[in-house]
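Take a walk through this model from the whole fold down to single residues. Keep the sequence and the structure side by side.

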Amino acid sequence: MRMVDIIERKRDGLELSKAAIKFCIDGYVSGKIPDYQMSSLLMAIYFKGMTDEESTHLTEAILRSGDIIDLSAIEGIKVDKHSTGGVGDKTTLVLGPLVASCGAKVAKLSGRGLGHTGGTIDKLESIEGFQTTLTNHAFMEQVNTINIAVAGQTASLAPADKLLYALRDVTGTVPSIPLIASSIMSKKLASGADVIVLDVKIGDGAFMKTLEDARTLGRLMVNIGANFGKKVIAFITDMSEPLGMAIGNKLEVLEAIRTLQGNGPDDLNKLCIEIGSYLVHHAGITETLNAARKLLEEKISSLEASAKFKEMVEAQGGIMPQLNDYIHNETLIAVKSEKSGYVSKLNALDIGLSAMRLGAGRETKDDTIDMDVGIVLNKKVADTVEQGEVLAYIYNNKKDITEEIKTILNAFTITDSFVEKPSLIIEVIE
Ligand code: URA
């Protein structure tokens with residue numbers, strides 16, 4: 001087989017065989033196929049696409065490039081959830097302990113943040129002492145005893161994905177649906193769960209900008225999962241404004257704890273109950289989705305869900321954060337509205353990038369994060385606002401943030417006429 005023939009085939013819009021796809025991935029990982037040929041193939045895929053079958057083969061080749069986690073030592077149905085990335089998306093921090101408190105087994109491997117989107121592992125590391133590197137044995141033991149463990153993805157999980165993603169990042173080939181689907185699904189399938197809910201975000205702060213693309217991506221990932229015998233459900237949810245009110249690592253952990261105690265923002269709470277209901281129901285814990293919703297709500301009001309979070313934190317060596325840690329920063333700055341009206345738009349991307357520049361995220365993968373900084377919104381889309389009222393608070397450790405104040409102010413569009421609250425959950429694909 002020759003790489004140039006495979007590139008030409010895809011360039012001409014023809015289908016690639018399983019063997020050809022495996023040849024490319026194995027050859028690239030072993031260093032036999034150079035970057036320039038792989039870049040060329042990625043660009044051909046970007047323009048010509050892939051069939052569902054090719055995408056499944058690509059997923060399998062990436063998945064088999066490294067370790068496949070065997071979770072059979074954990075009793076019961078293992079559930080997992082993945083978000084395509086957003087601003088203020090602390091869903092895993094809430095959902096994990098919440099469904100674990102219902103009896104579902106959560107063996108979760110998570111990643112770090114890059115650019116305007118945050119990562120669960122960074123957020124958890126804002127908790128003093130919290131260990132995100134666990135041995136396989138400790139990970140399984142913890143899930144067997146308390147139903148949940150969250151650890152960082154190791155380099156041996158789908159290593160081809162890391163190499164391909166780095167190349168896609170510098171060749172303009174990240175936004176290709178088959179490439180995104182195989183990247184996400186290879187890691188999810190290698191992580192070993194039986195039931196997987198995917199949260200496909202759509203809007204300014206997300207990879208997918210249109211409903212049509214989000215649907216295509218969701219359907220493709222559900223099909224790939226089915227081809228591997230897994231139950232995969234895709235949610236399509238709005239990310240035109242940030243999720244919840246807090247953006248920034250420690251701030252998001254505190255918001256997650258509040259949500260687990262029943263005092264969280266409505267949108268975050270709703271998303272966790274809805275995704276959670278699918279996980280709990282498909283884990284065989286309840287007969288219906290409605291019964292699962294009820295159970296999840298009970299676990300929040302009885303404080304069993306927040307107790308599960310504390311159990312997880314302590315099992316992983318952390319010290320449970322105190323909620324009064326929230327307002328500890330003397331350099332807290334209020335961004336105030338210059339006019340009265342309704343918030344008609346709140347640009348998630350601008351808010352995410354601003355939080356990143358404040359130090360809450362990484363511009364490049366080697367940047368260090370300031371766990372304490374970020375933004376807490378005081379207004380969201382459809383809220384009314386008076387001139388001089390606070391739109392957002394900035395938690396800052398830098399001296400001059402004049403530009404960020406301007407950016408955050410401009411991220412809000414205020415209009416005179418009434419605005420409907422946007423719907424958060426747009427579609428569920430099974
Ligand atoms: N998230 C991933 O893991 N991979 C992609 O390609 C895009 C989003």
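The protein has 16 helices and 13 strands. Helices (H or I, at least four residues) and strands (E, at least two) are DSSP runs, numbered from the N terminus. The radius of gyration is 22 Å, close to the 22 Å that the globule rule gives for 430 residues, so the protein is as compact as a globular protein of that length. That radius is taken over C-alpha atoms, and the rule is 2.2 Å times the number of residues to the power 0.38.

This is a predicted model: local features need pLDDT of at least 70, side-chain atom pairs count only at pLDDT 80 or more, and totals for chains, interfaces and linings use all residues. Residues are numbered from 1 along each chain as its sequence is written, and side-chain values use heavy atoms, with hydrogens and water left out.

Start with the overall dimensions. Along the principal axes, the C-alpha atoms fill a box of roughly 65 × 45 × 40 Å. Of the 430 residues, 55% count as buried. Buried means under 20% relative accessible area, exposed over 50%, and partly exposed in between (1.4 Å probe, protein chains only). The accessible surface comes to about 17900 Å², and carbon and sulfur atoms hold 50% of that area. These areas come from the Shrake-Rupley method with a 1.4 Å probe; for residues, only the protein chains shown count as cover.

Next, contacts and charges. Contact means heavy atoms within 4.5 Å. Among contacts with a separation of 6 or more, 79% join residues 24 or more positions apart. The protein carries 46 positive and 58 negative side chains, and the centres of the two sets lie 3 Å apart. Lys and Arg count as positive, Asp and Glu as negative; His and the chain ends are not counted. Each charge is placed at NZ of Lys, CZ of Arg, CG of Asp or CD of Glu.

How is the protein divided into domains? Domain 1 covers 3-63, domain 2 covers 78-315 and domain 3 covers 331-415. These bounds come from an automatic or database domain assignment. The centres of domain 2 and domain 3, taken over C-alpha atoms, are separated by 25 Å. Across this pair, 25 residues of domain 2 are in contact with 29 residues of domain 3.

Now go to strand β1 (residues 78-83), where Ser 83 is found. Ser 83 counts as buried because its relative accessibility is 15%. Beyond its neighbours within four places in sequence, Ser 83 contacts Asp 89, Asp 199 and Lys 201. Asn 347 lies 264 residues from Ser 83 along the chain, and their C-alpha atoms are separated by 19 Å.

Helix α5 (residues 91-101) is mostly covered, with eleven of its eleven residues buried. Among them are Gly 96, Val 99 and Ala 100. These three residues also touch Val 106, which sits in strand β2 (residues 105-110).

Val 106 is buried, with a relative accessible area of 5%. Its other partners include Val 79, Val 143 and Ala 149, leaving out residues up to four places away in sequence. Ala 149 is 43 residues from Val 106 along the chain, with 6.5 Å between their C-alpha atoms.

Most residues other than glycine have a negative phi. Ala 158, however, has a positive phi near 45°. Ala 158 lies in the loop between β3 (148-152) and α8 (159-171), and is buried at 1% relative accessible area. Ala 382 has a positive phi of about 90°. Its loop runs between β9 (374-377) and β10 (384-385). Ala 382 counts as buried at 16% relative accessibility.

In helix α13 (residues 289-301), Leu 289 counts as partly exposed at 22% relative accessibility. Leaving aside neighbours within four places in sequence, Leu 289 contacts Ser 277, Tyr 278 and His 281.
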